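Please look over the model shown below before reading on. The paragraphs after it go through the chains one at a time.

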Amino acid sequence: MTTNKFYNAIFAAGITFILACLMIGVKLDTEGTTLAVKGATTEQWMWIFGGIGVVFLSQLFSSQIDSLFGKMPKPKLGALLPEEKKMATLKPWLLAALITVMLIWPFMVSRGSVDLATLTLIYIMLGLGLNIVVGLAGLLDLGFVAFYAVGAYTYALLSEYFGMSFWACLPISAGLAALFGFLLGFPVLRLRGDYLAIVTLGFGEIIRILLNNWTAVTGGPNGISGIAKPTLFGLEFTRRAKEEGAETFHQYFDLSYSSSYKVIFLYLIAVLLVIFVVYLINRLMRMPIGRAWEALREDEIACRSLGLNRTAIKLSAFTIGASTAGFAGAFFAARQGFISPESFIFIESAIILAIVVLGGMGSQVGVILAAIVMTILPELAREFSEYRMLLFGLLMVLMMRWRPEGLVPMKRPHLELKQQ
Amino acid sequence: MSQLLLDVNGLTMRFGGLVAVNGVNLKVKNRQIVSIIGPNGAGKTTVFNCLSGFYIPTEGSVMLKNEQIAGLKDFQISRKGLVRTFQHVRLFQKMTVIENMLVAQHRHLNTNLLSGLFKTPNYRRLERDAMDKAMHWLKEVDLLEFANREAGNLAYGQQRRLEIARCMVTQPELLLLDEPAAGLNPNETKQLDELIIKLRDEHEISVLLIEHDMSLVMGISDHIYVIAQGTPLADGTPDEVKNNPDVIKAYLGEE
Amino acid sequence: MSEFSLYLLQQLINGLTIGSTYALIAIGYTMVYGIIGMINFAHGEIYMIGSYVTFIVIAGLVSMGVVSLPIILVIALIVAMFIASTYGWTVERVAYRPLRGSNRLIPLISAIGMSIFLQNYVVLSQGSRDVALPPQITGGWAFGDPSSFEVTLSYMQLMIFAMTFITMTVLTLFISRSRMGRACRACAEDLGMTNLLGINTNKIIALTFVIGAALAAIAGLLLGLYYGVVNPFVGFIAGLKAFTAAVLGGIGSIPGAVLGGLVLGVTEAMTAAFFPSEYKDVVAFSLLVTILLFRPSGLLGKPEIEKV
């Protein structure tokens, strides 16, 4: 028995060595015009042998390690919340408290924190939007970033060429993104799961390539800069008003200029948008369309036999998800002041997908938590920033292996028949 | 003379070289219970798939209330009044019984986004109506007490009844039941018996069923079609079919 | 022959060259999909690693003083195939096998995670910038009129054709004649049944990944030499295009993958001939969407009947 384990461990260690010996152990270096190889530093070889050692030992003692993990309790985040009945009465109070905190908090912390919070809110919006498509309707969309891009460029272009305000462009961005969602979804939604994934990925890439090459309109790789920031009823948050006669925020309220006002204002807009999206999704889940999404996810064939038009139902999820991305995109453009195709690469879609999957597909609370973790963790672990994507990929693989249902598994609101 | 509810002529289904259904003819009148029987693998479910639009028939005509439905998509045929169940119960397992009933009424509800978001009077009225209909049918099949239970948690016999109730709430005219008695004990089969008869007599629909349970079939059918290897073998009243030598040969083999 | 038709012939040759390499990578996708029904998202990265290993071995041997090019290339090929196969095996073992049987989404996400992991693994170990190798195989044939247009068929291109042809032949013989190959075909037809018949399907599935990885490594060597440059991100686009080729030809069919690869390569080359080359990639994706919409079973595939 132990000899078997021993051979396994040797085998695993050998595999690790093969994997690492050339790819990590040897470095390619361009010296002039020739390609030369350099052995890895001693430190790196230590890491390699350390890694081999870990693999060896973990294989040797695999059964002991497994039982150790088995004894550890699986974190039941859902169990942290009080039970249903109490939740129902507590909920409005909790929500009110949460919203109050969110509104007051930015005035008490540094600008950087508020800025980070705004970024988190953007990802929350994107995650919730994709959650509709992936979590609620069960459609794997790998090109979600395309709708994000549409929203961003719509605002950028409308603002630059027609001088339209942010608030006017917001619904237009969402609408145009929804239109793209409709046009994209219409032909492809009848495809099977993984094919749908690849096709949406392809579309995401097509949109990015088009944005990158249609220089005349989109500015190509240089993107669009100088995008106007949102105003509060016409009051700008800049040091000096852009045009003659326009007033700035601090002038109107007789305050001295501080860039914090702009940051806090943006944050508050983000909060507003997120609250709107959350409300929207909650309503949708309790409407016929939400039930249809769930039914479709459960058993498509049964749906067809009951007269449900699955294409129309899938399309609605796709379109609504896309419009949410459009919202986020417009806001993103407004916040950054500058956009380029670089912001809309496939990795973004993968990150948003990871947020939905890791959060627990379908679960809004889970998605919000996951978005917060995904945005804040890299900031906290600044020294590891170059390992960020590596760990991200690793996390996805590990989560699928050990907790595919996500942080907060979905708990659907069930329609209750109240007995008379 | 009652007009034909369903008139099927020369129904043929080919998969490449394999002929699964070969020239099947069926006639179903209003308020009739018609059964399709035949040895296993006879292509009976394929017939259902062709009738309900899950397959597009290679040849043949399917007339529902004098309207050609062969070639229409599954959900379109369902909306025209022909609904079906499946050999293995297909409920929305994780949804509650009442939610299953509501999803079935999807197209009778107000699916307009804005109406739902603002809870317009029309929206609320349609939801209430759907709820009432759902409750009515749950009462009919004796499942009202399980309304809030997850569909997957019901006993198999109850799931079968729920599947039928779910079909009925779509206000069909023709109900296709694929081996409804499979997996039911004698008691549940008797309940199913009574339910099907009730559907014909009180709710004025016709039922076309595929079954292997001979006592069920002989007991409640107005007309029986026998299909062997996709080809029509015989048809007639239960007595006629029971005594038909070809049918006996197909089931029991040669003497 | 007119200048225009000579130009087209050149594009055809170029297209077939690239197409052959797409075919090699596409086979990996199609074999895996045919046997366990999943898209190996990380396959493109295996190809990329094959390229890197090739560069490392070549540069290493050259710096050690080895002069004979054939020897260098043979060693590079063997080492690249070996290491890439190991990566392929490990990926299957670690990221896919434990998830077999769960709903489709989960292995796919694991695959995406694996792809991202491998890309960044190479970024960290080899740097994210382009790595260039001086051309190893130069020269070729030219015909046509030097004053108007010359069609060239480089030795490198010839080598690509030859290697692809040899590989295909070996693979076809293996699949159709050998016992293992038969087992592969059986698993692709009906995995459950094959398992019940006593064949160790885990081993066969692992073998499929290994074969796919080896082929990707060959493609990595060939394309690495052809383009002379590699970076950690070449796997992504190459992978998508190879997958397009596999679907185009009919997913699950090896001849289909070859046909799809060639068709895709030629279509791309023809597009690049008349439009700005950035739009080349758009062609591949558009082709993918079109095929999936109008003939999802691909050129050589059989239409799938949905069992109700």
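Two strands pair if DSSP finds at least two bridges between them. Strands (E, at least two residues) and helices (H or I, at least four) are DSSP runs, numbered from the N terminus. This is a predicted model, in which local features need pLDDT of at least 70 and side-chain atom pairs count only at pLDDT 80 or more, while totals for chains, interfaces and linings use all residues. Residues are numbered from 1 along each chain as its sequence is written, and chains are lettered from A and ligands numbered from 1 in the order in which they are written.

Start with the sheet in chain B. Four strands form an open sheet in the order β2-β1-β4-β5 (chain B), and their pairing is antiparallel. Because β2 (18-29) and β5 (67-68) of chain B stand at the edges with a single partner strand each, one side of each has no neighbour in the sheet. Helix α1 (residues 44-52) of chain B packs on this sheet and touches β1, β2 and β4 of chain B. The direction of the helix makes about 65° with that of β2(B); axes are lines fitted to C-alpha atoms, for helices over the stretch in contact, and angles run from 0 to 180 degrees between N-to-C directions.

Strands of a sheet pair through backbone hydrogen bonds, either parallel or antiparallel. On one side, strand β1 (residues 4-15) of chain B is joined by 5 bridges to strand β4 (residues 59-64) of chain B, and the two run antiparallel. Within this pair, B:Leu6 stands opposite B:Leu64, and B:Val8 stands opposite B:Val62. β1(B) is also joined to β2(B), by 8 bridges, again running antiparallel. There B:Arg14 faces B:Val19 as its opposite residue in β2(B). β1(B) and β2(B) form a hairpin with 2 residues between them, and in the turn B:Gly16 has a positive phi of about 65°.

Now take chain B as a whole. Chain B is divided into domain 1 (1-81 + 172-255) and domain 2 (91-171), with bounds that come from an automatic or database domain assignment. The C-alpha centres of these two domains of chain B lie 27 Å apart. Where they meet, 9 residues of domain 1 of chain B are in contact with 11 residues of domain 2 of chain B; two residues are in contact if their C-beta atoms, placed from the backbone, lie within 7 Å. Helix α7 (residues 186-201) of chain B gives the largest share of the side of domain 1 that touches domain 2, with 3 residues. By class, that side has 6 nonpolar, 1 polar and 2 charged residues. Here Ala, Val, Leu, Ile, Met, Phe, Trp, Tyr, Cys and Pro count as nonpolar, Asp, Glu, Lys and Arg as charged, and the others, Gly among them, as polar.

Is B:Val169 buried or exposed? A residue is buried if 20 or more other C-beta atoms lie within 10 Å of its own, exposed if 12 or fewer, and partly exposed in between, with C-beta atoms placed from the backbone. B:Val169 has 25 other C-beta atoms within 10 Å, so B:Val169 is buried. B:Val169 lies in the loop between α6 (156-168) and β7 (174-178) of chain B. Leaving out residues up to four places away in sequence, B:Val169 touches B:Met101, B:Ala104, B:Gln105, B:Lys133, B:Ala134 and B:Trp137. The C-alpha atoms of B:Val169 and B:Leu138 are separated by 9.4 Å, although the two are 31 residues apart along the chain.

Next comes chain A, which has 18 helices and 4 strands. Of the 420 residues in chain A, 44% are buried. The contact between chains A and C takes 44 residues from chain A and 49 residues from chain C. The largest share of the side of chain A that touches chain C comes from α9(A), with 11 residues. That side of chain A divides into 32 nonpolar, 7 polar and 5 charged residues.

Helix α5 (residues 155-177) of chain C has 23 residues and reaches 32 Å from its first C-alpha to its last, close to the 33 Å expected at 1.5 Å a residue. The expected span is 1.5 Å times one less than the number of residues. Among the residues of α5(C), C:Met156, C:Gln157, C:Ile160 and C:Thr164 are buried. In helix α9 (residues 234-249) of chain C, 15 of the 16 residues are buried. After α9(C) comes C:Gly250, whose phi is positive, near 110°.
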